[in-house]
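Trainee: Please take one part of this model and go through it closely. I would like the aromatic side chains and their surroundings.

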Amino acid sequence: MSADLRLSSLKDWDDERVLKALSGGNRLALAELYDRYWYPLYRVAFQKTKSPEIAEELVQDLFVQLWQKRESLAVRRTDHYLFGALKYSVIDYVKGQIVREKFQEYQQIFAPQADFSTENQLAYSDLVGTIETELQKLPTKTQEVFRLSRFEGQSIPEISQKLDLTDKTVEYHLSKALKLLRAQLRDYSFVWLLMMLAER
């Protein structure tokens, strides 16, 4: 039987049966779920993000994760699972946007401009130097996790997947970095608020 015929036959299956096939490593089952749910998921993502590119990326990532987790899936209803997972992906995206916007705001406020006084420029340089100096005291992996979380706005699951770490390990590295920086950045209240914004 050709791949086309096998894919065609899946269209007559209910979600539960298709999902079972997916759990067994059937790539055609993933393609079938993609055909069934891509557009409804994309529409929701677009409504929330107002960006076709971001919406498409979130939905694509969702199906990648579905395939990666296929062997451990415990799903009662496929639609509930997919839209629930999308909801949390959108939340993580929005949180990341907030962090990036706050960081841009911080740069606009504290970055030295042409009309900044020498005193302000020195204060800014001192701030950047303090952050970089303290980060250098941390293990390389801890620095990497911190930068991805606080400067790039990535979520714990995103960092876990990117660095091939467990969520608990990512949380450990973040906690370790924040503990060290907390004492050193007390005099920079806005920056410390920025660092804490994305804490989960």
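Mentor: A residue counts as buried when its relative accessible area is under 20%, as exposed when that area is over 50%, and as partly exposed in between. The model is predicted. By that cut-off Tyr42 is buried, because its relative accessible area is 17%. Phe46, at 35%, is partly exposed. These two residues form an aromatic pair, with 6.3 Å between the ring centres and 15° between the planes. Planes under 30 degrees apart count as stacked, and the pair of Tyr42 and Phe46 is therefore stacked. Both residues belong to helix 3, which covers residues 27–49, and they are four residues apart, so about one helical turn separates them. An α-helix has 3.6 residues a turn, so residues three or four places apart point the same way.

The structure holds four aromatic pairs. Ring pairs join Tyr42 and Phe46 with Tyr34, Trp38 and Phe63 in a cluster. Phe63 lies in helix 4 and is buried there, as are Ile54, Ala55, Leu58, Val59, Leu62, Leu66 and Trp67. Helix 4 runs over residues 52–68, which makes 17 residues. Its first and last C-alpha atoms are 24 Å apart, close to the 24 Å expected at 1.5 Å a residue.

Rings also take part in contacts with charged side chains. The charged end of Arg17 sits over the ring of Trp13, at 3.9 Å from the ring centre. The charged end of Lys87 is placed over the ring of Tyr88, with 5.9 Å to the centre.

Terms used: Residues are numbered from 1 along each chain as its sequence is written. This is a predicted model: local features need pLDDT of at least 70, side-chain atom pairs count only at pLDDT 80 or more; totals for chains, interfaces and linings use all residues. Side-chain values use heavy atoms; hydrogens and water are left out. Helices (H or I, at least four residues) and strands (E, at least two) are DSSP runs, numbered from the N terminus. The expected span of a helix is 1.5 Å times one less than its number of residues. Buried means under 20% relative accessible area, exposed over 50%, partly exposed in between (1.4 Å probe, protein chains only). Rings of Phe, Tyr and Trp (its six-membered ring) pair if their centres lie within 6.5 Å; planes under 30 degrees apart count as stacked, over 60 as edge-to-face and the rest as tilted. A charge sits over a ring if NZ of Lys or CZ of Arg is within 6 Å of the ring centre and within 35 degrees of the ring normal.
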